[in-house]
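Hi,

Here is the structure I promised to pass on.

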Amino acid sequence: SQKIEQNSEALNIQEGKTATLTCNYTNYSPAYLQWYRQDPGRGPVFLLLIRENEKEKRKERLKVTFDTTLKQSLFHITASQPADSATYLCALSMDSNYQLIWGAGTKLIIKP
Amino acid sequence: ETGVTQTPRHLVMGMTNKKSLKCEQHLGHNAMYWYKQSAKKPLELMFVYNFKEQTENNSVPSRFSPECPNSSHLFLHLHTLQPEDSALYLCASSQDLGDNSNQPQHFGDGTRLSIL
């Protein structure tokens, strides 16, 4: 069956360290993968998009990698801060299909 | 301010009530979406509208009825809901559909719905 997996357990990271979240998928051949941030009581907010032919994408302290061989995307936050604490969602889409297929998200907690 | 506004933010209703959720976007987008988000589950796409035309109904029960009078407004009419319908209902928009599988979606903050 097709599925997207993100760590269901919360990830606790010390402030200043790099936080790494994973998104694994099976039985898909996505053309794009997106990462969103969701704070409690709020809607998801778009962060980054990476295409299948891109290995890596950066935006300020954020970095996303996309390995189509491993069927995995990694999301890194460097120099993490307590304000980075949130739930992070990954979503993938196929070529020429607007529908996003979502993971359940990983809760990230950055401790001072 | 995300550019997508949802009202009400919270709604408690009985199973026999009729209510409506409202979504308005100020981004000039042409595609709008309704999602259901339950605790610890992935977002479930319910309905999609593109240029006011419904393009997707993902096997949603008829007790949920969408309405899109124009590209800026989207409603979800609720009638005779069940307790399992309690969830966060999110509205989103994107520029349009077409060959836009790489388009980010912009979300409102949702309506927290509780069915008694």
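Asp39(A) is partly exposed in this predicted model, with a relative accessible area of 27%. (For these labels, buried means under 20% relative accessible area, exposed means over 50%, and partly exposed is in between, using a 1.4 Å probe and protein chains only.) The side chain of Asp39(A) meets that of Arg37(A) in a salt bridge, 3.0 Å from N to O. Arg37(A) itself counts as buried, at 19% relative accessibility. A salt bridge here is a side-chain nitrogen of Lys or Arg within 4 Å of a carboxyl oxygen of Asp or Glu.

Residues are numbered from 1 along each chain as its sequence is written, chains are lettered from A and ligands numbered from 1 in the order in which they are written, and side-chain values use heavy atoms, with hydrogens and water left out. Since the model is predicted, local features need pLDDT of at least 70 and side-chain atom pairs count only at pLDDT 80 or more, while totals for chains, interfaces and linings use all residues.

Back to the charges. By that rule there are seven salt bridges over all chains. Among them is the one between Glu5(A) and Lys3(A), with the closest N and O atoms 3.2 Å apart; Glu5(A) is partly exposed at 40% relative accessibility, and Lys3(A) is partly exposed at 40% too. Another joins the side chains of Glu54(A) and Lys57(A), at 3.9 Å from N to O. Glu54(A) is partly exposed at 22%, and Lys57(A) is partly exposed at 26%.

Asp84(A) touches Arg37(A), Arg61(A), Ile77(A), Ala79(A), Leu108(A) and Ile110(A), leaving aside residues up to four places away in sequence; contact means heavy atoms within 4.5 Å. Asp84(A) sits in the loop between β8 (72-77) and β9 (86-93) of chain A, and is buried, with a relative accessible area of 7%. (Strands are DSSP runs of E, at least two residues, and helices are runs of H or I, at least four, numbered from the N terminus.)

Now to where the chains meet. 25 residues of chain B are in contact with 23 residues of chain A. The area buried between them is about 1,900 Å², and carbon and sulfur atoms give 50% of that; buried area is the accessible area (1.4 Å probe) that two parts lose on being put together, summed over both. How many salt bridges are there between chain B and chain A? The count is one: Asp109(B) with Arg42(A), the closest N and O atoms being 2.8 Å apart.

On the chain B side, β4 (31-37), β5 (44-50), β6 (53-57) and β9 (87-94) each supply at least two of the residues that touch chain A. The largest share, three residues, comes from β4(B).

Then the rings. Eleven aromatic pairs come out of a search of the whole structure. Rings of Phe, Tyr and Trp (its six-membered ring) pair if their centres lie within 6.5 Å; planes under 30 degrees apart are stacked, over 60 edge-to-face, and the rest tilted. Tyr36(A) and Phe46(A) have ring centres 5.6 Å apart and planes at 70 degrees, so that pair is edge-to-face. Tyr36(A) is in strand β4 (residues 32-38) and Phe46(A) in strand β5 (residues 45-51) of chain A, so the pair ties together parts ten residues apart in sequence. Tyr36(A) is buried at 0%, whereas Phe46(A) is partly exposed at 26%.

In chain B, Phe64(B) and Tyr89(B) form a tilted pair, 5.8 Å centre to centre with 35 degrees between the planes. Phe64(B) is buried at 6% relative accessibility, and Tyr89(B) is buried at 0%. Ring pairs also link Tyr36(A), Phe46(A), Trp102(A), Tyr33(B), Tyr35(B) and Phe107(B) into a cluster.

Most residues other than glycine have a negative phi, and most peptide bonds are trans. Thr7(B) and Pro8(B), however, are joined by a cis peptide bond, with omega about -10 degrees. Asn27(A) has a positive phi of about 60 degrees, and Glu60(A) has one near 55 degrees. Glu60(A) is in the loop between β6 (56-59) and β7 (62-67) of chain A and is exposed, with a relative accessible area of 80%.

Cheers
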